[in-house]
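I opened this model to look up two things. The ligand site came up, then a pair of strands.

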Amino acid sequence: MYMQSIEFNEQFPAEQVVSADSLVITLLMAPKRFFRHGWQSWSLATWTDTASPLPIQKPYLLHAMQHNPDYAKYPYPNGSWIGAIEMENENILLLGSLGLDAHVELINDHLRGWYESGSGDWFVGYGREQSIFTRYADLLGRRLGSAKNRTPLRVWCSWYSLYTAINETMLIKVIDDLDDLPFDVIQVDDGWQKAVGDWEANNKFPSGMTALADKIKLTGRKAGIWLAPLIAAKSSKLFRDHPDWFLSDTHGKFVSAGFNWGEYLYTLDTTHPDVLTWLSTLMKQVHGWGFEYIKLDFLYGGALPGRRHLDMPREAAYRIGLKVLREAMGMDTFFLSCGAPILPSLGLCDALRIGPDVAGEWENTRDSLLLYNPTIPGTKNAIRTSIHRKWLGSLVQTDPDVVYFRSFECSLNDEQKSLLQDLALVCGFKATSDLPVWLKSDEREKLRAFLSARSEINQLSRYVFNVDGKIVDFSSAIPLPERPKGLDIIKGVLTGWLGNQAWVLKILDSIQRNALKKKIKDL
Ligand code: 9PG
């Protein structure tokens, strides 16, 4: 074990790079605030109050898909690769790894980072927040690379209106209805595939995926598609046919990649040669159908802890898989990674989702208060985490998820909608799922203006930006929910228990699907 320790003092250097398995910085006193950096796109990133550690988020069944699962119940302030603290003079001290498989914790006046296996370099920066993060990003770019494709694309994505209820007829109608709205990409999201793991068109797409891509391309736009190639649902043919391709633990039990679509999820071992061949063939096929914008989702699966065919650190194993996917889809394809571990995805994708999903509501009481879950879809959650990852913008296109212009099927008020739109401008990524038929004529024109404008952005302070001469303050999205009190504690325990039961999630999933089908039928 190669341990290093340094002491923080008045003459601390602005930056240094230290090599160590484990590096401890002894501070002058216990800090009040800690910058917590979540592992993957959806995991919480924010400044937290060290006086009251965050409650463990619920339900536990979803930890693998929302957290760095090994640290989901960690009792001290901690984060993936990065930890920073605020000083009295408003300077920050940042400890960030320059390699993968690293974690940082704060215990009283000790800020400590360690590599899960072996040794690596650490960046230690002290000074003004924005310049320290910029410098850290710069060094990360040199180690891990940065996106080559910097041209921002304006995307219409099917998810946040139609969800899994998409079908060929409906998408063709959307393509027609979008008419001359200035989108560069029409992206088909979840719902076209036979199963998660079986990436072939289902019977809602009888003409097949090539025909759909052709239809999109005829409008002069790129065709985009969603897949989650590293995971598979328990009921998929892939999982049944190739159980030996999936990650298991030391007892030989399959590693859970979470629970979604009413099913348990498992994850491929990206060190297995047959898996890599399968991934490569899949990507070539999807690209061959005509899709030139590919959103790969639930990518965290490839980096979950487990026993692999080749014994290597989990994030290094993930990166092997991601590289194969990237090369097979073609370097000219626009690659958006989502649900992706942040550092291990750098240099291999063009864009990265930097926060949880938005939703047509600001905050959901069940999820935020009773489950204390800041990763579950919701606009406040999405803004909070995305704004704390804006610093990644020099390395990759940062996707804060879609914006809403519609008032139909959306309870966000005008202020919340425009905050989300301003976030898109600040992050430089414009996307929406608003169905053209849902937009009133003034909403459609506002969307057109938003898509057409070029913006001038200036960061004034942590949460305040000058966006085209308008002062935009994201502070309203930052507070974490209040800790439950009184009766809510009991309700929280009960909700957490229910959320942990596969049968409950299965019922919820089928209720949601039926409600959606009904809604879509009226379109
Ligand atoms: C499709 C969606 C969309 C979306 C992605 C991702 O924690 N969760 O339970 C959770 C589930 C789904 C999810 C995010 C989090 O959404 O971010 O844009 O593509 O999959 O299924």
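My entries on the ligand site and the strand pair follow.

I am working with a predicted model, where local features need pLDDT of at least 70, side-chain atom pairs count only at pLDDT 80 or more, and totals for chains, interfaces and linings use all residues. Residues are numbered from 1 along each chain as its sequence is written, and side-chain values use heavy atoms, with hydrogens and water left out.

**Ligand shell.** I looked up the residues around the ligand and found 16; a residue is near if one of its heavy atoms lies within 4 Å. Tyr 160, Asp 189, Asp 190, Lys 295 and Asp 357 come nearest. By class I noted 8 nonpolar, 2 polar and 6 charged residues. Here Ala, Val, Leu, Ile, Met, Phe, Trp, Tyr, Cys and Pro count as nonpolar, Asp, Glu, Lys and Arg as charged, and the others, Gly among them, as polar. Helices H1 (63-66) and H3 (159-162) each supply at least two shell residues. Helices are DSSP runs (H or I, at least four residues), strands likewise (E, at least two), numbered from the N terminus.

**Polar contacts.** I checked pairs of N or O atoms within 3.5 Å. The side chain of Asp 357 has an N or O atom 2.5 Å from a ligand oxygen. For Asp 190, a polar side-chain atom lies 2.7 Å from a ligand oxygen. For Trp 42, that distance is 3.3 Å.

**Strand pair.** I then turned to E14 (residues 193-195) and E15 (residues 198-201), which run antiparallel and are joined by 2 bridges; pairing takes at least two DSSP bridges. Ala 195 stands opposite Asp 198.

Methods
Polar contact = N/O pair within 3.5 Å; in protein donor to acceptor, adjacent residues only side chain to side chain.
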